[in-house]
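Please keep the structure in view while reading.

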Amino acid sequence: MRRRTRALALGTALAALLPLAACSAESGPPVLTWFINPDDGGQAEIAKRCTDQSGGAYSIEVSILPRDAASQREQLARRLAASDSSIDIMSLDPPFIPELSEPGFLAPIPDDVAAKVSQNVVAGALAGATWNGKLVTVPFWANTQLLWYRKSVAQAAGIDPAAGPVTWQQIMDAAKSQDKFLSVQGAKAESLTVWINALIEGAGGQILENPQAPADELKLGLDTPAGKAAADIIGTIGRENIAGPSLPTEDEGVSLTVFQGDKGSFMVNWPFVWSATNASVEQGTLPQSLVDDFGWALYPQTDAAQPSAPPYGGINLGIGAFSKHTDLAFDAAQCIVTPENQAYYFVANGNPPSNTESYNDPAVHKAFPMADVIRQSLEQAAPRPQTPYYNEVSTGLQETWHPPSSVNPDTTPQRSTDFITAVLHGEALL
Amino acid sequence: MTAQTAPIAKDVAKEPKTKVVLSDRTKAERRLGWWLAGPAFVVMLAVTVYPILQAFFDSLYRYRLTAPDDKAFIGLNNYVVVLTDPVFWQALGVTLFITVVTVLVEVVLGFILALLMHRAIKSLRGVLRTVILVPYGIITVVSAFAWFYMFDITSGFVNSWFDWVPGISQDLNWFAHQGTSLFVIMASEIWKTTPFISLLLLAGLAQVPGELDEAAEVDGATWGQRLRRVTLPNMKAAIMVAVLFRALDAFRIFDNVFIMTNGANGTTVLSLLAYRTSIGRLEIGLGSAISVLLFLCVIGICFIAIKLFKVDLAGARGES
């Protein structure tokens, strides 16, 4: 029996050690792991192209993060807090960059690389990649929301968004007069914060007046005329049922479904809606006439007296501070963000480039006839507040501005300010 | 082997004070026992006791994962924040509500299913048991998504199938109100775990001696009387164990709420609150305090069940 035990122990030890031996025996160029947000395969293709172009210096392997931005942040923050050396490159949603940069989770960008990757980058994307006056991530693609409309509905309602900017009040009235639904994102999710921020910035306000301050000194700009104007628009759309019954659970995907349906009228959404709808037409699930009825314009104005501040999103590339190959990772990041790759990514997956040069590519204009509007929108776009406490601010807003029908300009901004302040001071749960 | 050692063990139990000289064989068997159970015991300690102690330790600190340098000892302050916050009490209320309703409905449904399986023709019994177990075999996240899409206002079919029911129409957004959200969450929970309860109860039913039932029938007891006076009293242990296990499980509900509403419209439960604080906000200290409180609640339920209702865990397995 004892002999058998020993044999078993030896077997177990071998079984545990053999895979390790296999690892160390592996040869070839260093493998860089790129943590990507899920897409239609564009980032994997770019990884392949850059691996080929590196001439054997490195090979990039992609690892897919969860679907929604909040879960992506959770996973990356946990791994980085544990000094995970397997994170070489990561696709980051801009609002979460300060939180990861502040504790030193992102490798500092060498000046020559910073100078190179900031060339010809739209203003919004550059601002989103910066924290405390320093470029901390490499701008990759930049997203913005447009106003999408059904030409037939707009015409019937007597407005023409293509001719010049329209206000929220105008599209609300138009949808109501035609007995159609407005497509906006009222679900209790990040998309609600995106909407609130765009409305407040559009009225000349800001969610945070001093975003760089420490948690207990942050000042909120919600209980202001701009905050009240935003609350008025959201509350009215909720209470008067202008967006239909799905509003409290409506995210970007649901918005598109409503917009494509019989009740579709006006929608604020990211450009993916264009490629997604065209793909559905190709598959035969939607008619071509629907795409022909699509119109697009700049994001609606909160206040007719000033230009709108469209939402800014997208993805920047962060280099893990604990990576074993930061130099190679910076080389790879520079390869990933070349204008050619950005143009390819836009055409293939519908994610707009942050580099203005990419917009000169004829393929881009063929696939996205609204490319110039997107570029203008990006120049005009306002990022969400850049603070290491973004998650608290955003979740606090979602907690107090949801459901949209409950939003009241006289009480919601004040209640929201008190609540978020208490959370930031560590006196309340979220 | 065991037949030979059993008498020795009995002797030891009878005369605990006299020192018994153990034979080599008994010693070897005891050692083997430790070798067999030891690793599992160590693993148990490592994966349960260690994290529990670590959570308690962390709960005494102000500790944010993305600001490791600001970590500071603050005593029981996190508990004060949690216990004085209405968000916690509301989450506790919702959790208790879900626990009580789902366990009650599951026990009733599970008992009916168990009776059906018990009485079903022998040839059908195996098939029936398998069919009933299917929902329990489905991963909770998957079933949560299935129920979510079923009731979803844009992609679901429930609204168009059941629009003849008063209160249900094409425009009903199930996940926009507290009542309707909780209804779907609990329905999904009940659908998924009733099989578990029914199997536990089936085992209890099988233990009820057939003679008792027959004797009662001969004495002229009706079906209802036999159920109330004979079957149920004999199954008490099995029922209480089923209720205890399910209550502990239901109290820790997470997946369904996370997928369907993510806590919107007042559907936040304790586990979700702990998750949102520790994982979402990365506030390890505050989140650990909620987890510790959740753990104490679970211990409380066990204590109430075992001490007050006198659940005999061994009895249900027929060991008493």
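## Overall form of the chains

The radius of gyration is taken over C-alpha atoms, and the globule rule sets it at 2.2 Å times the number of residues to the power 0.38. For the 430 residues of chain A, a compact globule would have a value near 22 Å, and the 24 Å of chain A agrees with this. Chain B, in contrast, is more spread out than a compact globule, because its radius of gyration of 25 Å is well over the 20 Å that the rule gives for 320 residues. The C-alpha trace of chain A spans about 85 × 55 × 55 Å along its principal axes, and the C-alpha atoms of chain B fill a box of roughly 70 × 65 × 30 Å.

This is a predicted model, in which local features need pLDDT of at least 70 and side-chain atom pairs count only at pLDDT 80 or more, while totals for chains, interfaces and linings use all residues. Residues are numbered from 1 along each chain as its sequence is written, and chains are lettered from A and ligands numbered from 1 in the order in which they are written.

## Secondary structure and burial

Helices (H or I, at least four residues) and strands (E, at least two) are DSSP runs, numbered from the N terminus. Chain A has 19 helices and 11 strands, whereas chain B has 14 helices and two strands.

A residue is buried if 20 or more other C-beta atoms, placed from the backbone, lie within 10 Å of its own, exposed if 12 or fewer do, and partly exposed in between. By this rule, 53% of the 430 residues of chain A are buried, and 32% of the 320 residues of chain B.

## A parallel strand pair

Two strands pair if DSSP finds at least two bridges between them. In chain A, strand E1 (residues 31-36) and strand E2 (residues 59-64) pair in the parallel sense over six bridges. Trp34(A) has Val62(A) of E2(A) as its bridge partner. Helix H2 (residues 42-53) of chain A carries the chain from E1(A) to E2(A) in a right-handed β-α-β crossover; right-handed means that, with the strands pointing away from the viewer, the path from the first strand over the helix to the second runs clockwise.

## Where the chains meet

Two residues are in contact if their C-beta atoms, placed from the backbone, lie within 7 Å. The contact between the chains takes 26 residues from chain A and 25 residues from chain B. On the side of chain A that touches chain B, H3(A) gives the most, with five residues.

Which residues does Ala70(A) contact, leaving aside its neighbours within four places in sequence? They are Glu190(A) and Gly280(B). Ala70(A) is located in helix H3 of chain A and is partly exposed, because it has 19 C-beta neighbours inside 10 Å.

Most residues other than glycine have a negative phi, and most peptide bonds are trans. Ser83(A), which is not a glycine, has a positive phi of about 55 degrees. Ser83(A) lies in the loop between H3 and strand E3 (89-92) of chain A, and is exposed because 11 other C-beta atoms lie within 10 Å.

Asn241(A) is not a glycine either, and has a positive phi of about 55 degrees. This residue is in the loop between helix H10 (225-239) and H11 of chain A. The peptide bond from His402(A) to Pro403(A) is cis, with omega near -5 degrees, and Pro403(A) belongs to the loop between H18 and helix H19 (412-424) of chain A.
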